[in-house]
Amino acid sequence: MPPATTTGPWSLRAVPRPAASGTDPVSYAVRQLAAGPTAAESDVLTTALPALKHPSRITVESDRHSDTVVVRFPVGTDRLPGPALQQLTCTAARARRVELSTADRTPAKRSAAPAPITEPTARTRVELRVTDRQAGSDGRKGDGWEVTVTDEACPS
């Protein structure tokens, strides 16, 4: 698979997919990326993420008051290669910026229809922690891997 880069024919690009109202946009975007391109997209798009048997087991944690997003893969997932990490970082960061730019919407204003696709209004630096470590009931993390990256290399 060609590497994911920010220039050239194999570049990263946004693929807008509206999430249903009330859906966490960052979790939705990460799960959509993990699921890979739709049948209609597969001729022109690919994902660098490894195939997962249960992409629904990916968890995403983000706090409205923080620019950090934590993405946890199922225990035993191999460390992500560079292109996959870059693709995941840019996907999560863009979704986070969209989330922050639409944070002024109140639940009373939302409808059951999919939310319109929104362009981020500001370039917020997003930090992404990607891991297969899981927090135990005692708050300690298990064995595994963890990497922290920022979205500074992502296309605008």
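Student: What is the handedness of the link of C90 and C154?

Tutor: This is a predicted model, in which local features need pLDDT of at least 70, side-chain atom pairs count only at pLDDT 80 or more, and totals for chains, interfaces and linings use all residues. Residues are numbered from 1 along each chain as its sequence is written, and side-chain values use heavy atoms, without hydrogens and water. C90 and C154 form a disulfide (a pair of cysteine sulfur atoms within 2.5 Å), with their sulfur atoms 2.1 Å apart. The angle about the S-S bond is -95°, and the link is left-handed.

Student: How many residues apart in sequence are the parts that this pair ties together?

Tutor: C90 belongs to helix α2 (residues 82-101), whereas C154 falls in the segment after β4 (146-150). Helices (H or I, at least four residues) and strands (E, at least two) are DSSP runs, numbered from the N terminus. The pair therefore ties together parts separated in sequence by 64 residues.

Student: Is C154 buried or exposed?

Tutor: Buried means under 20% relative accessible area, exposed over 50%, and partly exposed in between (1.4 Å probe, protein chains only). With a relative accessible area of 9%, C154 is buried.

Student: Which residue in β2 stands opposite V60?

Tutor: Strands β1 (residues 59-62) and β2 (residues 68-72) pair in the antiparallel sense over four bridges; pairing requires that DSSP find at least two bridges between two strands. The two form a hairpin with five residues between them. Opposite V60 stands V71.
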